[in-house]
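Here's a quick briefing to read with the structure open.

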Amino acid sequence: MASAAEQLASHISFANFAKATELKKRIWFTLGALIIYRLGTYIPIPGIDPAILEDIFRQQAGGILGMFDMFAGGAFGRMTIFALNIMPYISAMIIMQLLTAVSPYFEQLKKEGEPGRKKINQYTRYGTVVLAALQAYGIAAGLEGMTGSQGSAVLDPGLFFRATTVITLVGGTIFLMWLGEQVTARGVGNGISLIIFAGIVANLPAALAGTLELGRTGALSAIFIVALMVMAVAVITFIVFIERAQRRVVVQYPKRQVGNRMFGGESSHIPLKINTAGVIPPIFASSLLLLPITVAGFSSQQGPDWLGDVTALLGRGQPIYLFIYGALIVFFAFFYTSVVFNPAETADNLKKYGGFVPGIRPGKNTADHLDFILTRLTVVGAIYLTAISILPEILISQYAVPFYFGGTSLLIVVTVTMDTVAQVQSHLIAHQYEGLIKKSRLRGRRG
């Protein structure tokens, strides 16, 4: 009976999907945008020697550049027009959210609703251009100082090369920013997250093939590879469990009489997730940590000796790097949670509509109660995010895993997949309701 019911449910879902024309258009638009993004990751910037650059990046694949290249979907290692990916936009978002917390002007903009949100988005775009230009110039200057066994990576270094590189990389980042916004508005899912998701997933087949090749040659034992795959499944299961886990705070609404009828008296709940911040803290921490380290790594080849020492101390698997990375994740977990959920505002809304938490007085006591619960949940969520994100650093540095396994990459893949599936289901439900409403109207007219 259970299997028959499941088959019936899947048949209904498939039938709804086949009839949901709007949803199919959104899915095709999303796929088309991601294909355009992937094509752009193979268009190199002008003035570089791809063979020499590949040789240089092969030597540094296990370091910081390997992780940054993972986020860029391989575009950074190939030094293409999308080498900066969407990271400058994410960094600009971080700065704007920090400003909304400390600046009265931006805080007021946030409270203005849709007009204020549009202004904040516009400032974020301006910040993206500035950050992308600074980072692109740092990369251009670093490329001029990079030399491999066959010579310099830049064919004709100089002001013209730097100018063309800055224009190309900034243009690529702006295009991806626009493409992500279009996917969010006209496609399915969050466009920015899907772009990062596509880059990570695109690298997985090659990474798995490289791992199996190392197993074939004997560089990695078969037992270790099997254990790695089992660990991947366990990490995915753990991520799904934590992302779905939540604490439900019961809210009671009192009964009230309007005329001769009684209203209210029902109970509801406020769902508080363990990981309220989602995948944002690891992405924010990575973008803030990787970009300065990458520029420093480029500059250390032609800069002072102390810059090379700092780059070595902040290398993958080094204690200082792991500490800073973990501290940034914890900070952004608490910061973004405070941005997403405001206990005082929630308590005021409950009081306004007559709701209350059983055993807690409305107003400030309710806000303190919600803040206490949220703080404890965020502590657990921050520890979970830190552990998941540091796991691949340990595997790469201590056990020579040849690709960026687990951590932020798996977290992004799993959470983006869950969010996208949830949006598809919501579109299907909306389409089903629209069909029921149309049928009821037709029956009403016939009646």
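Phe238 is partly exposed, since its relative accessible area is 39%. Keep in mind that this is a predicted model.

**Aromatic pairs**
- Tyr384 sits at 4% relative accessibility, so this residue counts as buried.
- There are nine aromatic pairs in the structure, and Phe238 and Tyr384 make up one that is edge-to-face, with 5.6 Å centre to centre and 70° between the planes.
- That pair ties together distant parts of the chain: Phe238 belongs to helix α10 (residues 222-244) and Tyr384 to helix α15, 146 residues apart.
- Phe331 and Phe335 pair up too, but stacked, at 5.9 Å centre to centre with 10° between the planes.
- Phe331 and Phe335 are four residues apart in helix α13, so about one helical turn separates them.
- Phe331 is partly exposed at 42% relative accessible area, whereas Phe335 is buried at 10%.
- Tyr37, Phe82, Phe175 and Trp178 are joined into a cluster by ring pairs.

**Nonpolar surface patch**
- Helices α13 (319-340) and α15 (364-399) each give the patch at least two residues.
- Phe334, from helix α13, counts as partly exposed because its relative accessibility is 33%.

**Helix α2**
- Helix α2 (residues 21-40) has 20 residues, so at 1.5 Å a residue it should span 28 Å; the end C-alpha atoms are 29 Å apart, which agrees.
- Its buried residues are Leu23, Arg26, Thr30, Ala33, Leu34, Tyr37, Arg38 and Gly40.
- They cover an arc of only 160° around the axis, so they lie on the same side of α2.
- Exposed Lys25, Trp28, Ile35 and Leu39 are on the face of α2 turned away from its buried side.

Note on methods. Residues are numbered from 1 along each chain as its sequence is written. This is a predicted model: local features need pLDDT of at least 70, side-chain atom pairs count only at pLDDT 80 or more; totals for chains, interfaces and linings use all residues. Side-chain values use heavy atoms; hydrogens and water are left out. Buried means under 20% relative accessible area, exposed over 50%, partly exposed in between (1.4 Å probe, protein chains only). The expected span of a helix is 1.5 Å times one less than its number of residues. The arc is that of the directions from the helix axis to the C-beta atoms. Rings of Phe, Tyr and Trp (its six-membered ring) pair if their centres lie within 6.5 Å; planes under 30 degrees apart count as stacked, over 60 as edge-to-face and the rest as tilted.
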